[in-house]
Amino acid sequence: MDFYTRKDFASAADFIREHTAYRPTVGMILGSGLSELASEVSNPDVIPYTEIPHFPLSTVEGHTGELVIGRWEDHDVLIMRGRAHFYEGNSISHVTLPIRVMQLLDIGTLFVTNAAGGLNPDFHAGDIMLLVDHLNLLGMAGQNPLRGPNDVTLGPRFPDMSQAYDLELQQLAREVAEEIGLTLRQGVYVMLAGPSFETPADIRFLRLMGADAVGMSTVHEVTVARHGGMRVLGLSLISNVAIAEPQQGVQTTHEEVLEAGKMTVPRFVALIRGILRRLS
Ligand code: HPA
């Protein structure tokens, strides 16, 4: 199907409501290698994506494919343990369906996480980057998730994207990082369709465009979330440093991405816990 509608989103949202007594106000999407963050939730209700009407499924290792709904730092949270990607063959409308479902569940705040390659020469594998903006390269090339009929009950035809990442949430993240002694990188994220990693020429091009990190998700999700009026916090795990010149024996692998995720989980948990604590 090319375009999903409110009816589809509502049937998924109704299903979730019937399977949990929690009423989440914060949504989270956990990217590659970050699934373990969901273990922080106490007394969760767990719903596999396969059971939820219309939900897009992930076929990628490191993306578990279940909703974890429960309590974390005095908030009811709904966590997506893994996400479906555009490169898996799903339409852009389908991969963003979970965001609409969150919107219909009255989730007003979204934390998006991902694994990304570091483009900024100052970044190292294992760093955490706060997204201050993104480059919607797929959108520029015609793959905007809002393409198609606009349902005004969900959001405006021409949504503003001048503050894709909420300024207050960014500030909270910086304060928490300072408090826990975490070096928090900041930058612009760019999404490519994938699944192939970038060539060195791609990398040099993306740097010229002003991007600090590159990945295969997030931008379309944030576009839909902003259309729906949610406020968004974005965090990238810099899982590897992008290769800007071909070198014998040097390459990027998914295993490397997952490994960096495992190493970084404790710092990610501390950061998110601190942000949740400060969130009113
Ligand atoms: N490129 C694109 N996506 C990624 C990378 C990368 O280097 N690392 C993790 N996700």
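Student: Which element gives the largest share of the lining of the largest pocket?
Tutor: That element is E5, which contributes 4 residues to the lining. The model is predicted, so local features need pLDDT of at least 70 and side-chain atom pairs count only at pLDDT 80 or more, while totals for chains, interfaces and linings use all residues. Residues are numbered from 1 along each chain as its sequence is written, and side-chain values use heavy atoms, with hydrogens and water left out.

Student: What makes a space the largest pocket, and what is its volume?
Tutor: On a 1 Å grid over the protein atoms alone, a pocket is an open set of points with protein on both sides within 12 Å along at least five of seven lines, and lining residues have an atom within 4 Å of a point. The largest pocket has a volume of about 400 Å³, the space filled by probe spheres set on points joined across faces, edges and corners. Its lining has 26 residues, and Ala115, Phe197, Gly215, Met216 and Val257 are the closest to its centre. Two or more lining residues come from each of E5, helix H6 (200–209), E8, E9 and helix H8 (254–278), where helices (H or I, at least four residues) and strands (E, at least two) are DSSP runs numbered from the N terminus.

Student: How many residues of that lining are nonpolar?
Tutor: There are 13 nonpolar residues, beside 11 polar and 2 charged; Ala, Val, Leu, Ile, Met, Phe, Trp, Tyr, Cys and Pro count as nonpolar, Asp, Glu, Lys and Arg as charged, and the others, Gly among them, as polar.

Student: Where is the ligand?
Tutor: The space that the ligand takes is the largest pocket. Strand E5 (109–118), strand E8 (213–215) and strand E9 (231–241) each give two or more residues to the shell around the ligand, and E5 gives the largest share with 3 residues. The shell, whose residues have a heavy atom within 4 Å of the ligand, includes Ala116, Glu198, Val214 and Asn240, and by class it has 6 nonpolar, 4 polar and 1 charged residues.

Student: What lines the second largest pocket?
Tutor: This pocket, with about 280 Å³ of space, is lined by 18 residues, and Tyr4, Phe9, Arg100, Pro149 and Leu154 lie nearest its centre. Helix H1 (6–18), helix H3 (97–104) and helix H7 (219–227) each supply at least two lining residues, and the lining divides into 9 nonpolar, 5 polar and 4 charged residues.

Student: Why is a space called a cavity, and how many cavities of 30 Å³ or more does the structure hold?
Tutor: In a cavity a 1.4 Å probe fits but cannot get out, and the structure holds 3 such spaces of 30 Å³ or more. The largest cavity has a volume of about 50 Å³; among the residues that line it are Ile29, Met80, Arg83 and Glu221, and its lining has 7 nonpolar, 1 polar and 2 charged residues.

Student: What makes the phi of His54 worth a mention?
Tutor: Phi of His54 is near 70°, a positive value in a residue other than glycine, and His54 is in the loop between strand E2 (42–48) and strand E3 (66–72).

Note on methods. A molecule sits in a cavity or pocket if more than half of its atoms lie within 2 Å of its grid points.
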